[in-house]
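Hello,

Here is the structure I promised to pass on to you. Have a look at it first, and then read on for what turned up in it.

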Amino acid sequence: MVSTKPLPTDSILCFLTVLAALLLFSPCADAMHADEVGVNDFVLRTAGHGARGIRFARSCRLPPRGSSDSDSMWITSESNEYPAAVSDGHIDHAGTHGNGGSCSIAARNATSGEVLWRVDACSSSSRRSGNTGKGILPRHATLFLSGTNTVYSYDDNGILRGWNGENGSLLFDVDVLSSITGENNGAGGESDDGSSVIGSFTSALGGESPRLLGESLGGKFDKNLKEGGSAPIGAILTSKSGQDENLILHNPQNGTPIGKPLSAKTLLGKAKVSASKKFKLERARFLDMATSSSSSPDWKGSSIAILVGWSGVQNDVPSVKGEKISKTIGSYSNMAWIHVQLTPSSNEIGNNGNNDIDVSYGNYQVINASPLKITDSTSSSVTSTPLILSSLRIVPSITSFSNLALLAIAPSTYEVAMITHIDITSGKGMGGKLWQMDGLHPYWRFISSIHIMDHATSTETSGSQTNHIIKIAGIDDRYPTPRRIESLFLLSDRAIINSGEIPLDSSYAKENKKIFHRVYGSSKGDEEALYDALTTCPSAGLVVTASVEEDITDLTKKETMASIFRFNEETNVATTLLSGKRVTWSNQAKEGDVTIIPSSRGGTEGGLVEYSHLVDCDEKGMTLVFVSRGGMTVGFRFDGSSDGDSAVVTTKLWNSEEALGSVSSAVFLDETHVIEDVSDGTNQSEDEEEVALRNLQFSNRIQAQMISLKNFFFGGGMLSSLASMALLSDEKKAERDIAFGFAKVSVMLSDAMHRIIALDTAKKGRVVWSMNLHPEASWHKIVRGGQFMSLSDPHGNGGVHDHEMMTLSYLPFSSGVAGKSLESTAAMQWKCFDGTSGRVFSEKIVPMPSEVTQIVPLRSSIHHSHDANECRQVVVLVHADNSVSVVPDTARSHSVVDEAISATGRNGLFVHTLNRQSGEFRALRVARTTAIDGSHPFELVTVGTTIFDPNQESIIDVSYPQRGEVIQSPSTVLGDDAL
């Protein structure tokens with residue numbers, strides 16, 4: 001019998017008093033309320049460069065704030081480094097699965113790394129994938145002019161925009177074709193020769209990238225402008241035929257067009273430069289633009305020089321691992337310089353607010369068209385040598401505004417073709433030379449790029465000698481992953497301006513060694529040093545390089561480090577070059593952190609740093625940013641006196657993961673920790689996850705609560721709770737978050753950047769670890785969990801407590817499979833790792849019979865330790881040829897598949913294939929084979945098919961429920977059997 005007699009009033013009061021005391025003195029547990037948004041959560045602001053990573057980068061000074069010195073600002077985008085460079089139709093070493101993004105332009109504070117502003121530079125009406133199948137094409141060109149402090153973008157829809165460099169605000173946007181026709185895209189206009197211009201933009205012509213032409217030479221451009229004024233900018237369009245190019249000149253202040261379009265074909269005809277049938281150079285192109293000062297004696301008023309030339313169809317050139325890639329080919333002998341004089345608009349001279357006078361140009365006049373020729377007869381081979389047009393670079397003279405040099409890579413990728421002392425008023429060059437790869441670096445197998453350093457054109461020495469600093473990169477493909485190696489070169493400005501000290505007769509070719517050479521250390525073996533990237537600050541006399549520690553054999557402890565060198569004091573760069581001696585550097589003492597990429601961030605391989613950008617350079621030191629494979633950017637400051645007596649102080653300013661701008665998938669894990677000793681004698685570091693999971697079981701949680709209650713009343717916990725109410729320390733918060741499962745590690749995959757990044761959600765998104773995946777893979781997947789209940793997988797579908805994970809990277813063409821020939825073979829690289837620490841347990845590259853159509857994750861119901869080539873995570877791969885394979889392909893993995901096939905209460909393990917072309921959807925059962933040799937232990941048996949008529953139905957996507965879900969239907973059965 002149950003008594004229903006009410007409790008006495010005093011008993012209720014006593015109960016409520018005790019309850020109130022417990023609530024008052026119990027430890028506080030925070031929850032997220034509306035007013036806590038932004039306090040207990042976090043936002044990671046990225047620069048939006050997650051499709052290709054940073055390619056274009058320029059720097060400028062921020063306006064000073066109060067009495068503090070101004071900081072440098074770093075402006076970046078994913079567009080081509082040189083906006084005027086001819087596109088090759090694809091991007092080398094880029095991901096093959098773009099999201100159609102690549103449209104962000106951003107600015108960072110170079111000291112703090114803070115993203116100051118970010119804009120979308122692409123038209124929303126043309127948002128489409130930039131993936132060509134061979135790489136990601138940038139959907140816009142980016143140009144920065146320091147004279148106007150303006151960032152310009154030109155997208156694949158023909159829209160030219162100007163952005164304020166300080167805050168990213170939009171200054172203007174101009175539809176290029178409509179601006180010259182007064183109508184919408186597709187309307188016709190007339191070029192300078194009266195021919196029709198149709199709005200067929202370069203992006204519609206074979207998937208090429210938009211291109212912008214801007215000033216190449218420094219100094220005062222116009223007599224009406226103060227120092228820092230800028231020349232016009234040029235946007236390139238295609239003609240009606242879809243082949244030859246037209247150029248529209250625009251005022252840099254407001255984007256208004258200047259006169260009619262210029263036709264490359266007409267200008268080449270005026271220069272009497274014909275197309276080359278030998279090399280099939282039959283397309284008229286605009287290649288670059290240079291500007292001239294009004295003080296130039298041969299040029300009157302405001303003038304520009306435009307380089308035009310004929311280009312051919314894309315040719316296959318040698319690349320890494322015996323592959324061929326397509327490049328657009330041209331030749332010096334098929335180029336011409338066009339002298340264009342600009343006419344200011346009437347009554348349009350005003351002040352732009354910065355005490356610089358803005359001049360708007362209304363028209364132009366073509367003064368002269370001269371073919372590019374070399375007067376030195378011994379250099380004729382240089383002009384006839386084919387060139388890769390995307391590698392063409394202008395080296396402008398600082399002391400003579402009408403002289404420059406040209407450099408480009410030959411299609412063999414074994415030579416650099418150089419023409420020096422080019423007078424753009426006449427188109428004549430005084431000499432040329434082909435520099436062989438072996439003379440540039442002994443370990444290069446291919447020459448990949450030429451970079452003219454922005455800050456490196458002011459190395460003043462005795463006699464006002466200026467030396468241009470050039471970085472040339474080559475590829476060494478003897479590594480499993482091809483390694484990019486940079487070298488530093490000096491080019492004497494006297495070779496460009498011809499001050500009379502460089503002979504101009506036939507002996508010129510023999511004297512070239514005195515005006516261009518590589519710089520490295522004076523010790524034996526320095527010539528063979530391998531640097532992934534390097535940057536120099538001439539004002540401080542410093543050179544900073546990036547390379548992996550070669551002397552450490554343990555891969556888990558290798559890191560990518562910065563090394564510091566200083567140009568030797570006894571070396572006078574001016575006289576050394578002219579005397580034929582070598583300019584050298586020496587090791588510089590340093591103090592501070594020089595670790596660019598630690599081992600926890602993927603720094604265990606060589607060749608990880610891909611680029612280094614000089615942001616700031618003065619006599620006190622230099623600020624630079626390293627950009628690594630996978631998109632990690634790291635800012636550094638190097639401070640040291642120019643005399644070299646004291647050590648250089650190094651400071652790591654900030655780091656950022658650009659791959660967070662293109663996260664394709666994410667998995668959340670509990671940040672659990674071991675709170676009891678391992679007593680079974682197994683390896684503690686490997687079984688930490690299992691121990692932590694035992695402590696999360698219900699019985700252990702109840703026991704922990706009882707111990708906590710005992711300490712609360714009898715161990716001083718009540719007093720400590722009073723203190724914690726006033727101030728909850730970070731340590732206590734972390735302890736609480738872990739105990740209640742609030743602390744998570746988010747493991748994020750960036751498919752486009754081939755990278756995995758793990759963030760600690762309890763510490764405002766701090767990066768715990770990161771790891772690079774195979775850069776040549778066409779796709780990557782994170783696999784976790786299975787279908788069985790186990791200690792490591794209590795939810796049956798890969799719950800948050802399951803730390804062990806696997807990545808799959810599919811290599812459609814790989815020659816790196818052990819035991820296979822060098823013929824193209826599909827392969828899969830798998831990595832087994834701990835998701836909370838990034839520790840890699842095992843990895844391997846295995847051959848694949850055909851493409852993968854389905855991935856089935858499995859986990860064993862029995863715990864096992866880690867062995868070589870083993871993983872607790874198992875994957876069944878279904879292939880397009882209806883075969884099946886297991887990863888890892890070991891006996892233990894086979895037993896896990898057998899367990900899934902014969903599991904109690906299940907009727908087998910089923911998979912599916914889909915042929916989108918025929919519309920056939922096939923259900924298959926995984927079964928054991930009877931093969932004696934055991935090479936193919938499993939097979940697929942068809943159990944049913946269905947057909948979706950592709951003429952009537954289109955399969956958009958196929959979704960699979962999480963394996964182990966109890967309810968797989970969106971319907972719920974109610975008590976009255978209703979759905």
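Cys537 and Cys617 form a disulfide, with 2.1 Å between their sulfur atoms; a disulfide here is a pair of cysteine sulfur atoms within 2.5 Å. The torsion about their S-S bond is about 85°, so this disulfide is right-handed. It links distant parts of the chain, as Cys537 sits in strand β30 (residues 533–537) and Cys617 in strand β36 (residues 609–618), 80 residues apart. Strands are DSSP runs of E with at least two residues, numbered from the N terminus. Both Cys537 and Cys617 are buried, where buried means under 20% relative accessible area, exposed over 50%, and partly exposed in between (1.4 Å probe, protein chains only).

Before you go further, please keep in mind that this is a predicted model, in which local features need pLDDT of at least 70 and side-chain atom pairs count only at pLDDT 80 or more, while totals for chains, interfaces and linings use all residues. Residues are numbered from 1 along each chain as its sequence is written, and side-chain values use heavy atoms, leaving out hydrogens and water.

How many disulfides are there by this rule? The count comes to three, and with the bonded cysteines numbered in sequence order, the pairing is 1-2, 3-4, 5-6.

Another one joins Cys103 to Cys122, with 2.1 Å from S to S. Cys103 is in the loop between β2 (72–77) and β3 (104–109), and Cys122 in the loop between β4 (115–120) and β5 (140–145), 19 residues apart. This link is left-handed, with -95° about the S-S bond, and both Cys103 and Cys122 are buried.

Then there is the disulfide from Cys832 to Cys871, again listed with S to S 2.1 Å. Its torsion is about 75°, so the disulfide is right-handed. Cys832 lies in strand β46 and Cys871 in the loop between β48 (852–859) and β49 (873–879), so the pair ties together parts that are 39 residues apart in sequence.

Strand β46 deserves a look of its own. Of its 10 residues (825–834), 10 are buried, and both faces are covered, with Phe833 among the residues on one side and Cys832 among those on the other. β46 pairs with strand β47 (residues 840–847) in the antiparallel sense over seven bridges; two strands pair if DSSP finds at least two bridges between them. Trp830 stands opposite Lys844 in β47. The two strands form a hairpin with five residues between them, and Gly838 in the turn has a positive phi of about 80°.

Happy reading!

Key. Helix = DSSP H or I, 4+ residues; strand = E, 2+ residues; numbered from the N terminus.
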